[in-house]
Amino acid sequence: RKLAGLTLMSYIDHHGVKVRSEAPPSELAVAVARHFESMEVDEERVIGGFLSRLSGDGAEYARQTAYFDGTASSHSVRKRRRSKNAARPSEQVAAKVTRTDENGSWILASVQRFYCDTETYDVQDEDDTSKLIRLPWNHVMRLSTGETSFNKGEHVMAIFPETTSFYRAVVSKQPVWKLTPGSTTPIVKELILKFEDDEDEDGRTPHRRVPSRYVIPVPSVYFHEEEDDVDLNHPTSTAT
């Protein structure tokens, strides 16, 4: 399956893969794939390292191997990665400005500043630039470049036409990739979606066209990192 952007950056940072600072996700994915394919694995060393961890009786062995405990990024590494990928001043973003997750809780905003030490943003609502809103890093998502692939049936968030709020939707038709003049990288200019709670009086949900820039992953996908799949806690023992 496709890797999330933060996962690609984690791999690139860990292995020191050389990429352009402005490289789009598609280019990062190619660089990661090429590096991975070129890696040589010393099977004896890997197996030896695994066997060296096996000690004690069978119960101790089961306990030690029931979870993964060696490759999750440290807090400082994750923090450095988030700072590196933070949105820049004046960049438009999706910002969550409510405590709940109801539709419309994410709005279109403009970044004023990112604070590396506290991992917080100052943003301005695009509809009301009179005040600053301070938000934690996981309440801000960068917008699409059109190079992110969404497939038919995928759940996303998107700006509802003629508003500046993001609502949950489903990609209702397969996106069309096109080359722009002077570019060799295909992009998707717009997506056709069906929004949640958008039924007409007959109960039918219309297809709506939205510029791809304003279509983003749902938060659980956007902020997901592969190492979060790993259970780093010992399983609770149960009596038999």
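Two strands are said to pair if DSSP finds at least two bridges between them. Helices (H or I, at least four residues) and strands (E, at least two) are themselves DSSP runs, numbered from the N terminus. The structure is a predicted model, in which local features need pLDDT of at least 70 and side-chain atom pairs count only at pLDDT 80 or more, while totals for chains, interfaces and linings use all residues. Residues are numbered from 1 along each chain as its sequence is written, and side-chain values use heavy atoms, with hydrogens and water left out.

The secondary structure of the protein consists of six helices and ten strands. Of its 240 residues, 34% are buried, where buried means under 20% relative accessible area, exposed over 50%, and partly exposed in between (1.4 Å probe, protein chains only). The protein exposes about 15500 Å², of which carbon and sulfur atoms supply 51%; accessible areas come from the Shrake-Rupley method with a 1.4 Å probe, and for residues only the protein chains shown count as cover. A contact is defined by heavy atoms within 4.5 Å. Among contacts between residues at least 6 apart in sequence, 51% join residues at least 24 apart.

Beyond its neighbours within four places in sequence, Ile12 is in contact with Val17, Val19, Leu28 and Val32. Ala29 lies 17 residues from Ile12 along the chain, and the C-alpha atoms of these two residues are separated by 9.7 Å.

Strand S1 (residues 92–96) is largely enclosed by the rest of the structure, because five of its five residues are buried. Both of its faces are covered: Gln92, Ala94 and Lys96 are buried on one side, and Val93 and Ala95 on the other. S1 pairs with strand S2 (residues 106–115) in the antiparallel sense over five bridges, and Lys96 stands opposite Trp106 in S2. S1 is also joined to strand S5 (residues 140–142) by three bridges, again in an antiparallel arrangement. Here the bridge partner of Ala94 is Met141 in S5.

Leu193 has Arg208, in S9, as its bridge partner.
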